[in-house]
Each structure stands twice: as C-alpha cells, then as structure tokens.
Amino acid sequence: MRVISFILTTCVSLAVASKSPCIELNDGNKMPIVALGTGRGTASENANVDEVRHAVYWAIEAGYRHIDTAAIYFDETQVGQGIADAIANNLVTREELFITTKLWNDKHHREQVVPALKESLQKLGLDYVDLYLIHFPIAVKADGSPDDVDYLETWQGMEEARELGLTRSIGVSNFNASQVDRVIAHSKVCPVVNQIEVNPTNTQEELVAHCQERGVAVMAYSPFGFLVSRNKPNAPPPRADDPVLVEMAKKYKKTTSQIVLRYLIDRGLVPVPKSANKNRIVQNIDLFDFSLTPEEVQQINKFNKNVRVIHPVHLKDYPNYPFWE
Ligand SMILES: NC(=O)c1ccc[n+]([C@@H]2O[C@H](COP(=O)([O-])OP(=O)(O)OC[C@H]3O[C@@H](n4cnc5c(N)ncnc54)[C@H](OP(=O)(O)O)[C@@H]3O)[C@@H](O)[C@H]2O)c1
C-alpha cells in the first residue's frame, strides 16, 4: 500500500511567496495543499465570470499556487486571464503554479478525451495542466441522456493525454471506493487524486481512508458544507456560529471558516475553498500557523450526517452513479 507523504517544503516564487505547503502525489509530482475553487454552482455558458479573473489574480497574490477549474464551469478563459495577469506582473512563473481542470461527462469516449483537454488548454492559454480529472464516473450523450461508456475506457484517454504531456498528472472526481479500486486494478496509471465533497456534515471518513490507504490523495470540495448559505434552511449543523467551532476559533484566533479548512488539512486533505471576495480569499489560505488537536478533529467529525451539498439526484438512474444514499 502506498501512503501519501506530506512534503513540508514551501514553493518559493519570484515576488510573492507561496503560502501553501505541498503534498507529494503517487506519481512523484507535488500538489499545493489549498486550491482556489472557481466553480460557482450556477455556472452557465453566458454567465458573467469576470469575477473569476480577479479572484484568480488575488489568490496568486495572496500565496495560492493551486487553482481548480473545470470545462463545465465555463470559466477556463477567465482563469487563464487571471493566471496570465499574475505572470505578466511577475507574481509567479507558470512552473510555480498547479492548475487543475476536469473532463465533462459528455466527453467520455476514449477518442474525445485528448481533444477535450486541448480545448481546455486553449481556453486557459496554457501548454499543459498539472492535473486533469474525470469530473464524474457518469457518461452522458451530447443531449444529456445516459451514455453507456465505461470509465475505464475514459481512463485510457486520460493516460494518452498524460503521455502526450498535456497534463502532468491524472485523477478522478466523485468516484466511490469500488470505482477507485476498479481504475487502480485495470489501468497502467494509478489516479493521483479523487476529488470529492468533504465537510463537517459529510465527513466521508471511510472513502477518505480508502483512497489514502491506496496512495490516492483526496481533494475536498464544498469544504464549508452548510457553514455558508446553500438555500437549504433545514440542513444539519454546523453553521458559522456553532458553539463548538466558535470555541476553537477563539482558542486559535481564527474564524470558524478557517477552523473548518484546517480540520480538512489536519485529516490530510486538500481543501478547495471558493471565494470571489478578496478578504475571504486571503483568509482561506491563512491556515499554516496553527493546527487542531486529534481530539478537535474528532469533535468536528461528530457533526457528520452524510448530507451532501452537491447531490445530483437527476443522474441517479444513470450507469455508474457513484452515490448510494
Ligand atoms: N469535483 C466536483 O464535482 C466539484 C463539485 C463542487 C465544487 N467543486 C470545486 O470546489 C469548489 C468549492 O466548492 P463550493 O463552491 O461548492 O463551496 P465552498 O467553497 O464550500 O463555499 C463557497 C461559498 O462560501 C463563501 N465563502 C468563501 N470563503 C468564505 C469565508 N472565509 N467565510 C464565509 N464565507 C465564505 C463563498 O462566498 P464568496 O465568494 O462571496 O466569498 C461561497 O458562497 C468549487 O468552486 C469547485 O472548484 C468541485
């Protein structure tokens, strides 16, 4: 069994120091621990996404080196502009950045993968990404109806993209434990990452342990869970003013949002907090001057209710739907 090793080095940049240590992936590449999320939930092809360009720039200025995007966020062009602005202003070089993007469900046929990544690269204005993920194990046709493509076939396309140097590493997202195992058992290249939802109401302890024991790093999306408004008034606690989190926040002189991000880091995860607000972007990476005790991590685990923020029930009858509840 391969266990992820944590590298306590900090990547040094030209003008703005990185705030984020890295973990070493199972292919030897290094991934910065905190990624700026750029998906906005309500993304559409015509959405105004100028805010993403600013967010990416502010994030790099604040010390982030890892940016998370996806073809389906329709913001790769703006992510690329933010990166180009930062490079033009000598904040960083391309080599110091770690850029993740994702293959959407309607491009799962093996021969579609490389062209899909090339299209993402063109939008991003990059020659390569650092990490390319299969966004979901579910395949759909162009009209959104189910397509019966085995994700092992998709994975072969991912391996080809890696061999061509279009991406340094390849991984998956929203795969359950048996799907992760199936890819590992039947492929040349092991996924380096499984990006899944993890937060205090959906702690995913079994799946996280399963991946980490196999050397597959876990990126935690929707890291704030229901601390932030999701228009679900009956969602289980914690909220941002929860007494358990407030007490920890007082102890460490941090906000409850920072406590939750640090909780994820202390579980060996790579949180992907999204913000388009400059102050919150800065706050969300100011996490490396404290850590929670194992007891505090357990206390937050106790909030778990297996309730998801992202629950694509409209896909539940599609082949390879990964969530069982
Ligand atoms: N692989 C997948 O299937 C998948 C699915 C969902 C998400 N993701 C990735 O994960 C990222 C994050 O997930 P998410 O956007 O669902 O949720 P999130 O990061 O947990 O929450 C984002 C919300 O929290 C607010 N916020 C950010 N920092 C805050 C702070 N310090 N204090 C208070 N509020 C704060 C943001 O508002 P402001 O912008 O106003 O700060 C926004 O409303 C996405 O952007 C995307 O990159 C991946």
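**Reading the fold, one feature at a time**

Analyst: Let's start with a salt bridge: the side chains of Asp-289 and Lys-254 meet in one, with 3.0 Å from N to O. Asp-289 sits in the loop between helix H9 (278-283) and helix H10 (294-301), while Lys-254 is in the loop between helix H7 (243-252) and helix H8 (256-266), so you'd call this a link between distant parts of the chain, 35 residues apart. Keep in mind that this is a predicted model.

User: Are Asp-289 and Lys-254 buried or exposed?

Analyst: One of each. Asp-289 counts as exposed at 55% relative accessibility, whereas Lys-254 is buried, with a relative accessible area of 13%. There's a network to look at as well: Asp-181, Glu-213 and Arg-214 are joined by salt bridges that share partners.

User: How many salt bridges does the count come to?

Analyst: It comes to 16 salt bridges, taking a Lys or Arg side-chain nitrogen within 4 Å of an Asp or Glu carboxyl oxygen. Take Asp-85 and Arg-53, whose closest N and O atoms are 2.8 Å apart. This pair also links distant parts of the chain, with Asp-85 in helix H2 and Arg-53 in helix H1, 32 residues apart. Asp-85 is partly exposed, at a relative accessible area of 25%, and Arg-53 is partly exposed too, at 30%.

User: And which residue forms a salt bridge with Lys-188?

Analyst: That's Glu-163, with the closest N and O atoms 3.3 Å apart. Lys-188 counts as exposed at 67% relative accessibility, and Glu-163 is exposed with a relative accessible area of 58%.

User: Let's go inside. How should I read a nonpolar core?

Analyst: The general idea is that in soluble globular proteins, nonpolar side chains tend to be buried together. Here the largest nonpolar core has 85 residues, and Met-31, Tyr-132, Val-193 and Ile-259 touch the most other members. Helix H1 (residues 50-62) supplies the largest share of this core, 7 residues. Apart from it lies another core, of 8 residues, among them Leu-315, Tyr-318, Tyr-321 and Phe-323.

User: What does Met-31 touch?

Analyst: Leaving out residues up to four places away in sequence, the contacts of Met-31 include Pro-21, Leu-25, His-66, Phe-98, Leu-131, Val-193, Met-219 and Val-270.

User: Now a helix. What should I look at in H2?

Analyst: Helix H2 (residues 76-88) has 13 residues and reaches 18 Å from its first C-alpha to its last, close to the 18 Å expected at 1.5 Å a residue. Buried in H2 are Glu-76, Gln-78, Val-79, Gly-80, Gly-82, Ile-83 and Ala-86. Those buried residues pack against H1, strand S5 (66-68), strand S6 (98-103) and helix H3 (110-124). After H2 comes Asn-90, whose phi is positive, near 60°.

User: And how do I read a sheet?

Analyst: In general, strands of a sheet pair through backbone hydrogen bonds, either parallel or antiparallel. In this model, 8 strands form an open sheet in the order S4-S5-S6-S7-S8-S9-S10-S11, with parallel pairing. Strand S4 (35-37) and strand S11 (270-271) stand at the edges with a single partner strand each, so one side of each has no neighbour in the sheet.

User: How many bridges join S7 to S8?

Analyst: There are 5 bridges between strand S7 (residues 129-134) and strand S8 (residues 167-173), which run parallel. Val-129 has Thr-167 as its bridge partner in S8, and Tyr-132 has Ile-170. Of the 7 residues of S8, 6 are buried, so S8 is largely enclosed by the rest of the structure.

User: Which helix lies across S9?

Analyst: Helix H6 (residues 205-213) lies across S9 and strand S10 (217-221), running at about 170° to S9.

User: One last thing: where is Gln-156?

Analyst: Gln-156 is in helix H4. It's partly exposed, with a relative accessible area of 35%. The C-alpha atoms of Gln-156 and Ile-33 are separated by 27 Å, and these two residues are 123 residues apart along the chain.

Terms used. Residues are numbered from 1 along each chain as its sequence is written. This is a predicted model: local features need pLDDT of at least 70, side-chain atom pairs count only at pLDDT 80 or more; totals for chains, interfaces and linings use all residues. Side-chain values use heavy atoms; hydrogens and water are left out. A nonpolar core is a set of buried Ala, Val, Leu, Ile, Met, Phe, Trp, Tyr and Cys residues joined through side-chain atoms within 4.5 Å. Buried means under 20% relative accessible area, exposed over 50%, partly exposed in between (1.4 Å probe, protein chains only). Helices (H or I, at least four residues) and strands (E, at least two) are DSSP runs, numbered from the N terminus. Contact means heavy atoms within 4.5 Å. The expected span of a helix is 1.5 Å times one less than its number of residues. Two strands pair if DSSP finds at least two bridges between them. Axes are lines fitted to C-alpha atoms, for helices over the stretch in contact, and angles run from 0 to 180 degrees between N-to-C directions.
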